[in-house]
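Visitor: I would like to learn how to read helix packing and sheet order from a model. Can we go through one example?

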Amino acid sequence: MIVLQCDNLYFRWLVILLESLTHHNNDFNIFISIYNGTTQMADQCKSIYSDVTVELDDDNRYDMPLDQKTLRECMTVRKVAVLSDVVQRFDLEWVLLMDVDMVCRANISSWIQDFLDRDIDLAFPVNLAKQEFHRCYSSSNVFISSRAFHIVFQWEYYIQMVAGLFGYSYYEFFWDQVCLYPVVEGYIGELNYDHLDCFHVI
């Protein structure tokens, strides 16, 4: 299942991503959570992509600290809560978490099947040119097999650390990637990782 989330301000990017997925004949299940979305937005998603579940969130169901942080900071981190919710509620073989400001350049079926055939537990873009650890493991696109769903809850645990982590403040921009770093490092040797090369497909 592909997992997407956005707010009403980023909805136009979601539309472009769905159109690109449809254009390249992708037929995966998609779960979408839209904060401050409308029924018209949900209907538009369903008109673009056939196999989609759209949930609207108008009551801050994932308890974002909107009284303390900007909406942009909250939405960057909110995707981890949405992902945690999805893997608990659905019986899935894998998930691909994607930021909505992506464009699909190809049919990604063979890409996903390759991960499954090689028993890849976790894949993400790795920024080898960056020395800053918080930029090392990108959370823009993250593939996780069902064998590794437990790392989602570990990631969420770090996300909720109000005290901060590695000198970064709670919900500070890049907080999602800051929190992904100790998760990845903590499971090296236990999980089968791969570098998710998105250049040709996303």
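Visitor: At roughly what angle do the axes of helix H3 and helix H6 cross?

Guide: This is a predicted model. The axes of H3 (residues 71-89) and H6 (residues 150-159) cross at roughly 145° and come within 9 Å. The crossing is left-handed.

Visitor: Which residues of H3 and H6 make the contact?

Guide: Contact is read from heavy atoms within 4.5 Å. H3 contributes Val77, Val80, Ala81, Leu83, Ser84, Val87 and Gln88, and H6 contributes Val152, Phe153, Trp155, Glu156 and Ile159. Sorted by class, the H3 contact with H6 holds nine nonpolar, two polar and one charged residues.

Visitor: In what order do the seven strands form the open sheet?

Guide: The order is E3-E2-E1-E4-E6-E5-E7, with mixed pairing. Strands E3 (52-57) and E7 (193-195) are at the edges; each has a single partner strand, so one side of each lacks a neighbour in the sheet. From one strand to the next, the twist averages 15°.

Visitor: In which sense do E1 and E4 pair, and over how many bridges?

Guide: E1 (residues 2-7) and E4 (residues 94-98) pair in the parallel sense, over two bridges. Ile2 stands opposite Leu96 in E4.

Visitor: Which strands does helix H1 lie across?

Guide: H1 (residues 11-23) lies across E1, E2 (30-35) and E4, and runs at about 155° to E1. Helix H4 (residues 109-117) also packs on the sheet, where it touches E4, E5 (122-124), E6 (141-145) and E7. The direction of H4 makes about 130° with that of E4.

Definitions and conventions:
Residues numbered from 1 in each chain as written. Predicted model: local features only at pLDDT ≥ 70, side-chain atom pairs only at ≥ 80, totals over all residues. Heavy atoms only, no water. Axes fitted to C-alpha atoms, helices over the stretch in contact; angles between N-to-C directions. Helix = DSSP H or I, 4+ residues; strand = E, 2+ residues; numbered from the N terminus. Left-handed = near helix turned anticlockwise from the far one by under 90°. Nonpolar A, V, L, I, M, F, W, Y, C, P; charged D, E, K, R; others polar. Pairing = 2+ DSSP bridges.
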